[in-house]
Structures are given as structure tokens and as C-alpha cells.
Amino acid sequence: MVSKLHVVLVLTGLGLTTSNVLDAQAAGAPEPGGPRRHDCIGYEHRDFGGATITQNAGRGWRYVGGGWNDKISSFRMRNGCGIRAYQHRDYQGDSKVFRGSYRYVGDLWNDQISSWKCQCD
Ligand SMILES: [Ca+2]
């Protein structure tokens, strides 16, 4: 089984950006950008706008990729889930837990996140 991360890395190597890949994925979802298909969703803009980067319970983005680095501005997640976001790749640097919906991650975290984990009860 090929993991999503491997697919992204391969496609990135082919010159496609992470956001191209995830845009295509979001477009094919029954509810684009909605909280039901994925446990945790990050958004490019505040108010759940722009492209989405998704993850499921117990999984993380060790690095969101060049197309997503320092881009996330809002989060949404399934009930019972939380997102731990990190300033740097490999879950390094300052971190913060977001629980529930955040229309805006705040000035301190806006366009700063490089890795994150989706954790659910
Ligand atoms: Ca942004």
C-alpha cells in the first residue's frame, strides 16, 4: 500500500505542488472541504477558504511540503479530534493544540505551520 505522503513526495518530484494534489483530492470528495470525509482539515485561508490539506486520526504531516509550508490559516476537525501544529518540520519548534473549529488560527500561528498531527479520541 502506498501512503498518501509517498504519493505527494513522488508527485512533488515530478514538479507538481502539494496543493495541486490536495486540490484534486478535495474536488473529488462528496463534501468538498467538509469535515466528514477526513478527521482533520487545514485550510489555506481563514474562514475555511482556499485549498485544503487533510489528515486522518493518528496520522500526521511530518512536513506539509513546499506548497503548504507556512500557509495554513484555519482548521476544522471531526468532533473528538484535535490538531497539534508545529512551527517547524519534523514536529519541531513551538507547538499548539487546536480543538474544534478555528476560523482563524490567530496572528501568532497564521502562515507559520510546517508540520501537524491529527489526534482523535
Ligand atoms: Ca494562509
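Which residue in S7 is the bridge partner of isoleucine 83? The partner is cysteine 118. This is a predicted model, with a mean pLDDT of 81 for the protein.

**Confidence**

- Of the protein's residues, 70% reach a pLDDT of 70 or more.
- Over residues 7-31 the pLDDT stays under 50.
- The model still has 34 contacts beyond four places in sequence for residues 7-31.
- Where pLDDT is low, the predicted coordinates should not be read in detail.

**The open sheet**

- An open sheet is formed by 4 strands, and their order is S3-S7-S5-S6. The pairing in this sheet is antiparallel.
- Strand S3 (59-61) and strand S6 (92-99) are the edge strands, and each of them pairs on one side only.
- From one strand to the next, the twist averages 20°.
- S5 and S7 are joined by 6 bridges in the antiparallel sense. Within S7, glutamine 119 stands opposite glycine 82, and cysteine 118 is the bridge partner of isoleucine 83.
- S5 and S6 also pair in the antiparallel sense, over 6 bridges. Here isoleucine 83 stands opposite phenylalanine 98 in S6.
- The hairpin of S5 and S6 has 3 residues between the strands.

- S1 and S2 pair in the antiparallel sense, and 5 bridges link them. One of the pairs is glycine 42 with its bridge partner in S2, isoleucine 53.
- There are 3 residues between the strands of this hairpin, where aspartate 47 takes a positive phi near 60°.
- Strand S2 (residues 49-55) is mostly covered, with 5 of its 7 residues buried.

**The nonpolar core**

- The largest nonpolar core has 21 residues. Those with the most contacts inside this core include Cys40, Phe75, Ile83, Phe98 and Trp116.
- Two or more residues of this core come from each of strand S1 (40-45), strand S4 (74-77), strand S5 (81-88) and strand S7 (115-120).
- S5 gives the largest share, 4 residues.
- In soluble globular proteins, nonpolar side chains tend to be buried together.
- Leaving aside neighbours within four places in sequence, cysteine 40 is in contact with Thr54, Gln55, Met77, Cys81, Ile83 and Cys118.

**Arginine 103**

- Arginine 103 lies in the loop between S6 and S7.
- Is arginine 103 buried or partly exposed? Arginine 103 is partly exposed, because 13 other C-beta atoms lie within 10 Å, and a buried residue would need 20 or more.
- Arginine 46 and arginine 103 are 57 residues apart along the chain, yet 5.5 Å separates their C-alpha atoms.
- Beyond its neighbours within four places in sequence, arginine 103 is in contact with Arg46, Asp47, Phe48 and Ser74. Among them, Asp47 is the residue with a positive phi in the hairpin of S1 and S2.

Notes. Residues are numbered from 1 along each chain as its sequence is written. This is a predicted model: local features need pLDDT of at least 70, side-chain atom pairs count only at pLDDT 80 or more; totals for chains, interfaces and linings use all residues. A nonpolar core is a set of buried Ala, Val, Leu, Ile, Met, Phe, Trp, Tyr and Cys residues joined through C-beta atoms within 7 Å. A residue is buried if 20 or more other C-beta atoms lie within 10 Å of its own, exposed if 12 or fewer, and partly exposed in between; C-beta atoms are placed from the backbone. Two residues are in contact if their C-beta atoms, placed from the backbone, lie within 7 Å. Two strands pair if DSSP finds at least two bridges between them. Axes are lines fitted to C-alpha atoms, for helices over the stretch in contact, and angles run from 0 to 180 degrees between N-to-C directions. pLDDT is the predictor's confidence in each residue, from 0 to 100.
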